[in-house]
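Colleague: Hi, could you walk me through this structure? I'm new to it, so please keep things simple.

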Amino acid sequence: MTFEKKPWLNTYPDDVPENVNIDRFPNINALFERSFTEFADKTAFINMGHSLTYRELNEKSDAFAAYLQSTLGAKKGDRIALMMPNLLQYPITILGALKAGLVVVNVNPLYTPRELEHQLRDSGATIIVAVTNFGDNLQKVVAKTSIKHVILTSIGDALAPHKRTLVNFVVKYVKKMVPKYHLPSAISLRRVLTEGKKLDFNPPSITSDDLAYLQYTGGTTGLAKGAMLTHRNIIANVLQVFGHFGPRTAQEQEHAVTPLPLYHIFANSVSMMLMMYMGGTNLLITNPRDLDSFVNDLSKYPFTMVFGLNTLFAALNNHAKFKQLDFSHAEFTIAGGMATQKHVADEWQKITGMPIIEGYGLTECSPVVAGGIHTQQCFVPAVGVPLPSTELRIVDEQGNELGINQVGEIQIRGDQVMKGYWKQEAETHAVLTDDGWLYSGDIGRMDERGVFFIEDRKKDMILVSGFNVFPTEIEEVATLHAKIVEAAAIGVPDDVAGERVKLVVVTNGQVTVEEIKKHCRQHLTGYKIPKVIEYRDSLPKTNVGKILRRELR
């Protein structure tokens, strides 16, 4: 696709390309061939004090691919679910799966059995790699899904032998973080890699149009739907982000910090894939909520750039030991997932010396479509300008293009835009036009410099710390309670998380706030649970009975 240069793209510095050449890489695996050879003995990832070189990553992912192919009989196009936090096991397994031509289904390990069952059933995944901490939830649903092979790994399995034994013992027996589970046919990832190393791997023919991910995002029906992201989509976004931010980086000399979960598309494409493409080193943080441990990891690492989001920045700003770190190597921070608050960004730069440069995107766009330009020296409260080979425009409700500073819906066109929603033809047609424009659901405007701003959200989606929460799902769960007759979920402002979930209920008997929250915890992962409950005699509705969430907001 050729993009005509718009006058407002003159906002770009001269060293940012107008377009990127996506066609030079036939698939994601080819994207990293240079990294595996040129940076073979350089550290690619660090986690819990243990490092993995590019050579080791290549060899271990080859072994995983060989086992999938030869022992499990996996074929190109089969779906494989990955359910783990940020561990060295993640890049090994995702790269191995992609090498074998499988389609990766990223799963939030904190999902409840209900959420996990839906994603596994909908995707048709036949293989899952999961960390043992969540084996109990997997046990509850695996028989109801298409899963044929379960591969399990413990938190410390990728560490050196002595540390592996200690970490796994502490996690299981001291911290008691591994509930009992019964998955008798499961095999260990350590065994898979050991046996896979002895097998021959025969790379299948993978084209840029083949599916790479089914990346699930919230659905208007109350159930998550899978965005079909191709190899071309992911390659495009890595090269686009590199073209946009690359001139500011030291490329292979970068030491990045990735606290955001790699199962989230922003951390996956930008934090992991971008750093691998450049040949940089990446510190993976397994549990960023444990701030003391997180800061301790940072104290031993000469970080140059940080990937994060507003919630995390705010928490670190208030951590006394974080302020005492050595920031002499720090260059800049890339934020995504949710809007960054100016006071948080200003305090972050005051402490670290690093300006926060914000990116904007959607799961459906692999995910980044716009960002602050790499030359900026301080935080700018805007989503920035389009990435190379990306078009953004503002349209009215009829799809007509609007002018400067006119408010309407943001549309996006570019090679990072998804193929569509998995098995959801109607939903796909609702957001994708015949000529390739994606309706974002975000209301915005473009100023005379070509800089885009978000003004509002067209969809009822709630954004909690970068995660999409769709009200329909919350309402559906709430009304499973025998005493809740009707429910409406809305987002309300939160100083740290951006938004939090508020639930307005109509009941047919006495039910306490804690009872409602306890009920929701059984069916929803943590960030979806309502933090505020309000009781009403009735809910505002349209003439046909549809709840008016906008009135409640």
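This is a predicted model: local features need pLDDT of at least 70, side-chain atom pairs count only at pLDDT 80 or more; totals for chains, interfaces and linings use all residues.

Colleague: Thanks! Let's start with the open sheet: what is the order of its strands?

Modeller: The open sheet has 9 strands in the order S2-S1-S11-S10-S12-S13-S14-S15-S16, and the pairing is mixed. Its edge strands are S2 (50–53) and S16 (385–386), each of which pairs on one side only.

Colleague: And S10 with S11, parallel or antiparallel?

Modeller: Parallel: S10 (residues 255–258) and S11 (residues 281–284) pair over 4 bridges. To find one of these on screen, look for His255, whose bridge partner in S11 is Thr281.

Colleague: Which strands does helix H10 lie across?

Modeller: H10 (residues 265–278) lies across S1, S10, S11, S12, S13 and S15 (368–371). Its direction is at about 160° to S12. Then there is helix H3 (residues 54–70), which lies across S1 (43–47) and S2 and runs at about 75° to S2.

Colleague: Nice. Switching to helix H12: why is it described as largely enclosed?

Modeller: Because 7 of the 8 residues of H12 (residues 310–317) are buried, the helix is largely enclosed by the rest of the structure. The buried ones are Asn310, Thr311, Leu312, Phe313, Ala314, Leu316 and Asn317.

Colleague: On to strand S17. How many of its residues are buried?

Modeller: 6 of the 6 residues of S17 (residues 390–395) are buried, so this strand is also largely enclosed by the rest of the structure. In a regular strand, side chains alternate between the two faces of the sheet. In S17 both faces are covered, with Thr390, Leu392 and Ile394 buried on one side and Glu391, Arg393 and Val395 buried on the other.

Colleague: What's the pairing between S17 and S18?

Modeller: S17 pairs with S18 (residues 408–414) in the antiparallel sense, over 6 bridges. Val395, for example, has Glu409 of S18 as its bridge partner. S18 also runs antiparallel to S20, joined to that strand by 4 bridges. There, Gln411 has Tyr439 in S20 as its bridge partner. S20 (residues 438–446) is mostly covered, with 7 of its 9 residues buried.

Colleague: Buried or exposed?

Modeller: His481 is buried, because its relative accessible area is 17% and the cut-off for buried is under 20%. Leaving out residues up to four places away in sequence, His481 touches Val511 and His519. Its side chain also reaches the backbone nitrogen of Lys483 at 3.0 Å.

Colleague: How far apart are His481 and Thr281 in space?

Modeller: They are 48 Å apart, C-alpha to C-alpha, and 200 residues apart in sequence.

Colleague: Last one. What does the side chain of Lys502 join in a polar contact?

Modeller: The side chain of Glu534, at 2.6 Å. Lys502 sits in strand S25 (residues 498–507) and counts as buried at 17% relative accessibility. Beyond its neighbours within four places in sequence, Lys502 is in contact with Ala488, Ala489, Ile490, Val492, Val532 and Glu534.

Colleague: Great, thanks for the tour!

Note on methods. Residues are numbered from 1 along each chain as its sequence is written. Side-chain values use heavy atoms; hydrogens and water are left out. Buried means under 20% relative accessible area, exposed over 50%, partly exposed in between (1.4 Å probe, protein chains only). Helices (H or I, at least four residues) and strands (E, at least two) are DSSP runs, numbered from the N terminus. Two strands pair if DSSP finds at least two bridges between them. Contact means heavy atoms within 4.5 Å. Axes are lines fitted to C-alpha atoms, for helices over the stretch in contact, and angles run from 0 to 180 degrees between N-to-C directions. A polar contact is a pair of N or O atoms within 3.5 Å; within protein, one must be able to donate a hydrogen and the other to accept it, and residues adjacent in sequence count only if both atoms are side-chain atoms.
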